[in-house]
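New notebook page. I'm opening this one for the first time and jotting down what I look up.

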Amino acid sequence: MKEFSPLRSRRAVFFTWRKQVGLEAITSSRPRPRVMGWAMILLSFGVLHVETAMGQETEAYFRQNCMSCHTVGGGRLVGPDLKNVSKRKDQEWLIEFVTNPKGLIDAGDAYALAMKDAARGVIMPKIPGLDKAKAAALLELISRESVLEKSQFAGLHITDEPFDASDIARGRDIFTGSLPLENGGASCLSCHHVTDIGLFGGGKLGPDLTRVYERMLGRKNLASWLLSPATATMRPVFQAKPLTSDEIEGLVAYLEDVAKAGGAEDATPSLMLFLLGLAGAVLGLMLVDSIWSYRFRAVRRPLVGEIV
Amino acid sequence: MIDVRSQISMVFHLDKCIGCHTCSVACKNVWTDRKGTEYMWWNNVETKPGTGFPTKWEDQDKYRGGWELNSNGDPVLKSTSRARIIANIFHNPHMPSMDDYYEPWTYEYDNLFNAPEGADQPTARPISMVTGEYMDIKAGPNWDDDLGGSKLYAANDPNLEGLTPEQRMQLQAIERLVFFYFPRICNHCLNPACVASCPSGALYKRGEDGIVLVDQKRCRAWRSCISACPYKKVYFNWFTGKSEKCILCFPRLETGQAPACFHSCVGRIRYLGVLLYDASRIEEVAARKDSELIEAHRSMILDPFDPEIMAEAQRSGIHESVIESAQKSPVYKMVKEWKIALPPHIEYRTLPMLFYVPPLSPVMSRKEDGTIDQVSTDLFHSLDDSRVPLAYLAQLFGAGNQAPIRFALEKLKAIRLYRRALTVGDVTEEAAAKLLQRAECSKEEADAIYRLTTLCTFDDRFVIPPMHREEAIEMLQDPQERKQSAGFGFLSGPRRG
């Protein structure tokens, strides 16, 4: 049975009518607007694709996608140090793992499972745009960097000494935005909360960072995360306006201090905020009511004793 | 430098009003029986003391109509200003709600004919003309007619302000109650607050006759006019989203007929005629002290017999025939020559051009020891014993000032006694002459007032000037404008948007 579509049937009628009145020749010679629109959209996607492929060189790609968990010669972060990685496993295995990490783990590959344990259960995420060709290019880059004495991907060196109070205070200022970020990025407070901040707290877009120092397993990981934040929200923001190493040091000092102070991540601030907002709204309405207490309400009803 | 203009002006003689509402009904049937206008009464008749329509319209602390003097002594609108019009752009405060007017209703008459047979008589329940639902009637446009609910309504009349508590008590005491009627239409003011307040410039005062009108095409429903008019005589049509008001039946005037309410008046209380006035003095007069307002307002009215004024009027484009009409104007005589007609609430400073002859309210009988005594011997005793206290009339027609009321009433009283001396003979002519003299009224004037107030014909009461639309239109547009392009098509009524 033929499916009934009012739209299609109306169009069919239109086309028949068009033929009958001889409009076909006039209208069909022009490309239809909808087709044109689609063509434009597809075209713009195409241009974008070519542009990203060309612009995103392998080094930049590594910096943006890999460096939050890996170094080349800088020691282990969440993921292993990639120095001389091609000597530990063959090219084929590496490419397969990198393009689909979970696949190998699920398949029960012994080496992959061992890596998972080494990362305390963290599984490498599937990176968008990381195909086999890209993986090969990355491996080649890593090999090149491995032979250098100090790779550009060695990561940030963070001191092991305890931080002093001035570092922590500076970190707090950076977090809250009292000290603007040098490259003009948005300060942490815009999206993140820390128990230390006070009554109104920080933003609620990102996670609570009170215990992030522990979650990230210490200074080194935290610092390299901050070097190139890898989440979908933070990457576009900090890609163009990265944190400086000084700022990272301060923030690490501060977040370490906050975590050690032992604050708990909880929902109290948002409840407080709600209650404060409610109280503010009520007070505001009362203020408006008192300012316009003489406003016109009604004349007849109060006169005859009806409630207004 | 004077700026002579002509104004169609009116006098209502309150002693003659019997409160029949014929004027209101005539107006309603001619102009406000359309959808959205059901609640409007361009002409209404109020019982005084009473709260009127809309409820307590005279309470400008509530409605904030009219003008007030600012710190420089200049008149400014009470309801709004340039800054406030922006601040209140989405909500115009101080407007009477439909409840302060009344929810208009009709009755379910069909039910009287079509109800199925039952044990009871069918009834016609009231139906709201706004919602179409059954409703409980809570108020009407003359809800306090003839002192109905006077404990509530008459007792809350804003004009009682000038009275002592004793006088107030008297007005409410049984068998001492007194009331008179107060018919109201738009005053077609010289300094109209509605015109001044309109952000769209939709309201205007016609150059040739001073009639204040709302341009239905320009009105943008700001409703500033509604709060600005202290007499609450501009109404908002909720259906078309435009303001409407009394147009003084200009289509009738232009064809030489009296306005519908004037024409239909049973008591023949209404007078209409042209006044010449000096428009250059409007601002100065509107800024006068309350006590000077009446005299200043009257002094703006120019003598149409003065050759200089006549020449000046012609220079201002007033047609000779209009000047002639102004010379015959009954309004000129009553307001300017005889000073027996007074403007309502001139303290609102809109300089109203509708004047009222205040009512006499002599004590007709006394009740003593249960017997009622006619007191015809002392019918026109001292005005201070009038049943309507002078202080009350002073609030209404004298901006709190009793002197002009006293003058007018003294004259009216003297004329009655003078006529009584001539026709009944129980007052000596000498006594009557003495009273006339004291009221600053000559015998000729007394005769003229007597004739105009009692024996007046249609043409005595309504001296309608030739409107000369063909000339008036040239002030605004080229009369050839629509040549070769008019005469066929559709007229469109006002619509929202």
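Before the helices, a note on terms: axes are lines fitted to C-alpha atoms, for helices over the stretch in contact, and angles run from 0 to 180 degrees between N-to-C directions. Helices are DSSP runs (H or I, at least four residues) and strands likewise (E, at least two), numbered from the N terminus.

This is a predicted model, where local features need pLDDT of at least 70, side-chain atom pairs count only at pLDDT 80 or more, and totals for chains, interfaces and linings use all residues. Residues are numbered from 1 along each chain as its sequence is written, and chains are lettered from A and ligands numbered from 1 in the order in which they are written.

Entry one: a helix pair. I looked up helix 6 (residues 91-99) and helix 9 (residues 132-146) of chain A, whose axes come within 9 Å and cross at roughly 120 degrees. That makes helix 6 of chain A and helix 9 of chain A oblique to each other (under 35 degrees is roughly parallel, over 145 roughly antiparallel, 65 to 115 roughly perpendicular, the rest oblique). Helix 6 of chain A makes this contact through Q91(A), L94(A), I95(A), V98(A) and T99(A), and helix 9 of chain A through K132(A), A135(A), A136(A) and L139(A) (contact: C-beta atoms, placed from the backbone, within 7 Å).

Entry two: one lysine. I found K56(B) in the loop between strand 2 (44-48) and helix 2 (60-63) of chain B. Is K56(B) buried or exposed? K56(B) is buried because 24 other C-beta atoms lie within 10 Å (20 or more is buried, 12 or fewer exposed, in between partly exposed, with C-beta atoms placed from the backbone). Among the residues K56(B) touches are V299(A) and L303(A), and also N156(B). The C-alpha atoms of K56(B) and L383(B) are separated by 28 Å.

Technical notes:
Contact = placed C-beta atoms within 7 Å. Lists of a residue's contacts leave out its neighbours within four places in sequence.
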